[in-house]
Amino acid sequence: MDSACIFTTPPLFVIFSSLFMTCSFLFYRLTQKMRKSRLKKYLRNLVLFVLAITGVVYFNIQYNWPVFHVFRNKNILAPCIIPKFDIEDPQLDRFFWKQVPLKCDTWENLVFIDSNGILHINETAIKRGGYGHVTCKYGKIKLHGDYKVSIEDLTDFKQPEYIDTDFVNVQCVDDGQKQVYNNLHMHVDIKSIKEQRKIGTESQDQLSVYLFGIDSMSRLITERKLRKTMKYLREDLDAYVLKGYTKVADNSFPNLLPVFTGLKAYTKEVPAGIDNIPFIWKNFSSQGYIDHLSEDHPGLASFQGFNAPPVTHYLRPFFMAMEKIVSPRSALNNAYMFVQHRNFLQNNVSPMCFGNQLKHKYVMDYTRRFVETYGSHLKFSFTWINEITHDFINIVELADEEVRDYFKWLKDSGRLDNAMLIFFSDHGPRYSEMQNTAVGRISNLLPLFTMVLPDHVKSRYPHIHRNLKKNIDRLSTHYDFFETMKDILNSDFAEKPAIDPTAIPRGISLFQEIPAARSCKTADISEHYCPCYSSKQISPQDERVRAISHFIVDQINLILDDIPGRCAKLSLDTVERASLVYADMERDEKAESYFSFRSYLWKIEEKTRILVALKTTPGGAQFETTVEYRGKRNIKLLGDINRTNKYGDQAKCIKFEEKFYRLYCLCL
Ligand SMILES: [Zn+2]
């Protein structure tokens, strides 16, 4: 569940209470010394003074209160045109800055659990830390329900030994019985599990499923803050990155529930009691998969309140046990994080750490241990990172290399050979004023969704690759994610008949082609979350269209200037089609939850976008693209210029490694 906005509560409370205390104190001192007549005058002045100060403080807060405009889409019945926008739009620059690394404690772990599950004392770390002689005990961590955790009796250990549970608390004392170490350790206890049940093996037809998610990441934020990860996904893993993947509700739970159940939250579709919800990992588990859920921040956890652990390897007790060692994150910590997000107080240990590492690292460590330990067994892994992105959009860049390296490790260790990897999010940022800009408003509705499939699936089932390529620019949702997992569960890769555009189901497997006619209405996306644009034909003779067409041809010639002397210079032949593309968004003031003076100063602008399809000469190449139009001299491309007819032999002179130019080149 998502907590309320944290930015404003602490300062309000602090300001008003200190004001009240100061005034009471001054009043008390004055009345002690004064005669009655003077006292009256002072009293009046004091009241005026307090009123004036309160007024200034009130107006200041009302002014600085974040602006959250709410918009709704007026046209949810129209076939969806996926919004095109500039990821690097400079109007968003002020929301992004480089995050200075957060600092954690610097002590070394005095014990470790190796990859065979054996707990060891780290003698070199003890020496380096200058602790002298140290003795350690460990206690197993046990979860009772979902909200209580206990640490079982502490046992001495001197010799390395196997740990027959996933999480332990280790405490060490020096010769003077002073505690020098109190930390948590994890591994994946495969031995005990294998004694209880049989686990299947991956094959080309039965794939493991790795779901790796980060809360509140729109595709736009991911592209801007996790650049290394996205580059690796595209270039090395040939990931499909969906541009029309849309949230279906406001916060985490109602967006993640459809992913794992195909059900719509807060409706009769969902059975009462979290233990009764038919999460898809239960189906995987009953088909021989081993399941795992790795998530930080028990308070924010996507699904919580289970009576029994929902999966076999469940990280929650580890995070619950942290609160037995350090105090839980408080409102003061939140204020502190707000300051650290602004790159102040960076030398102090961050509340996002537990001991010597950031908390999201434990989530990743557990996931990696799980995947490593179970090797080529069938695995269903769900990893979800909350804290680093829940309230702040810039801190996540500190995890860029770690996430990239995890994906790289998956590939290099062969763990992707028979697995589907999905890197995704539930919704865009909810607490960033970015949503008041035209690009922010739309992009926040479009969470991240990227999928990696083994090459053998793409070559054995070419329709899957073809459909996924098309679906990149179609309207898709969490319900489709669920349907896709169902196909993986049932090893169903077969080609199906095309979907009837007059009876489009709510969820469609991404292995099938999503009809272009899909609207928000048929996808069950309400007007507050519908990102789709609509379009209206305009005349190819329109003055703006003429200007844009010449601009596009100039841009193509500019691209060809990179490889001089090899391609013909192109000029405009005909404009074939043009349409005005617009967001059907209208402000819904009634849905705005609070008042801010700044709302009136914030300019709400919508830009004019025009799609133009044209033909060039010589060669008769056809192109199509959408631009942002602000005047004849102020036109901006939104994405690539697409070639819409075949280039065939026209681009024979272009080598394979330069194939990008083949789209534009007519060889001389
Ligand atoms: Zn969320």
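**Figure 1. The β4-β5 hairpin of the predicted model.** β4 and β5 form a hairpin in which three residues lie between the two strands. In the turn, G145 has a positive phi of about 65°. The model shown in this and the following views is predicted. Strand β4 covers residues 134-144 and strand β5 covers residues 148-151; four bridges join them, and they run antiparallel. One of the bridge pairs is L143 with V149, the latter in β5.

**Figure 2. The open sheet β2-β3-β7.** Three strands make up this open sheet, in the order β2-β3-β7, with antiparallel pairing. β2 and β7 (161-162) stand at the edges with a single partner strand each, so one side of each has no neighbour in the sheet. Strand β3 (residues 118-121) is joined to β7 by two bridges, and these strands run antiparallel.

**Figure 3. E88 in the loop between β1 and β2.** The loop that holds E88 runs between β1 (71-73) and β2 (111-113). E88 has 12 C-beta neighbours inside 10 Å and therefore counts as exposed, since a residue with 12 or fewer such neighbours is classed that way. Along the chain, E88 and H463 are 375 residues apart.

**Figure 4. Packing of helix α6 on helix α13.** Two packed helices are described by the angle between their axes and the distance between the axes. For α6 (residues 227-235) and α13 (residues 400-412), the axes come within 7 Å and cross at roughly 25°. The two helices are therefore roughly parallel to each other, because angles under 35 degrees count as such. On the α6 side the contact is made by R227, K228, T229, Y232 and L233, and on the α13 side by D400, E401, V403, R404, F407 and K408. By class, the residues of this contact are four nonpolar, one polar and six charged.

Figure 5. Helix α7 (residues 252-261) is mostly covered, with nine of its 10 residues buried. The buried residues are S252, P254, N255, L256, L257, P258, V259, F260 and T261. The elements covering them include α8 (280-286) and α17 (478-489). G262 follows α7 and has a positive phi, near 75°.

**Figure 6. Y266 in the loop between α7 and α8.** Y266 is located in the loop that links α7 with α8. Although Y266 is not a glycine, its phi is positive, at about 60°. Y266 counts as exposed because its C-beta neighbours inside 10 Å number 10.

**Figure 7. S491 in the loop between α17 and β21.** S491 is placed in the loop that runs from α17 to β21 (533-537). The phi of S491 is near 50°, a positive value in a residue other than glycine. With 13 other C-beta atoms within 10 Å, S491 is partly exposed.

Figure 8. Strands of a sheet pair through backbone hydrogen bonds, either parallel or antiparallel. Strand β22 (residues 571-583) pairs with β21 in the antiparallel sense over five bridges. In this pair, Y533 is opposite A583 of β22. β22 also pairs with β24, in the antiparallel sense and over nine bridges. Here R577 is opposite A613 of β24.

**Figure 9. The cis peptide bond at P618.** The peptide bond from T617 to P618 is cis, and its omega is near -5°. P618 belongs to the loop between β24 (608-617) and β25 (622-629).

**Figure 10. Domains of the chain.** The domain assignment gives domain 1 (12-64), domain 2 (111-193), domain 3 (206-489) and domain 4 (534-663). Taken over C-alpha atoms, the centres of domain 2 and domain 4 are separated by 61 Å.

How values were computed
Residues are numbered from 1 along each chain as its sequence is written. This is a predicted model: local features need pLDDT of at least 70, side-chain atom pairs count only at pLDDT 80 or more; totals for chains, interfaces and linings use all residues. A residue is buried if 20 or more other C-beta atoms lie within 10 Å of its own, exposed if 12 or fewer, and partly exposed in between; C-beta atoms are placed from the backbone. Axes are lines fitted to C-alpha atoms, for helices over the stretch in contact, and angles run from 0 to 180 degrees between N-to-C directions. Angles under 35 degrees count as roughly parallel, over 145 as roughly antiparallel, 65 to 115 as roughly perpendicular and the rest as oblique. Two residues are in contact if their C-beta atoms, placed from the backbone, lie within 7 Å. Ala, Val, Leu, Ile, Met, Phe, Trp, Tyr, Cys and Pro count as nonpolar, Asp, Glu, Lys and Arg as charged, and the others, Gly among them, as polar. Two strands pair if DSSP finds at least two bridges between them. Domain bounds come from an automatic or database domain assignment.
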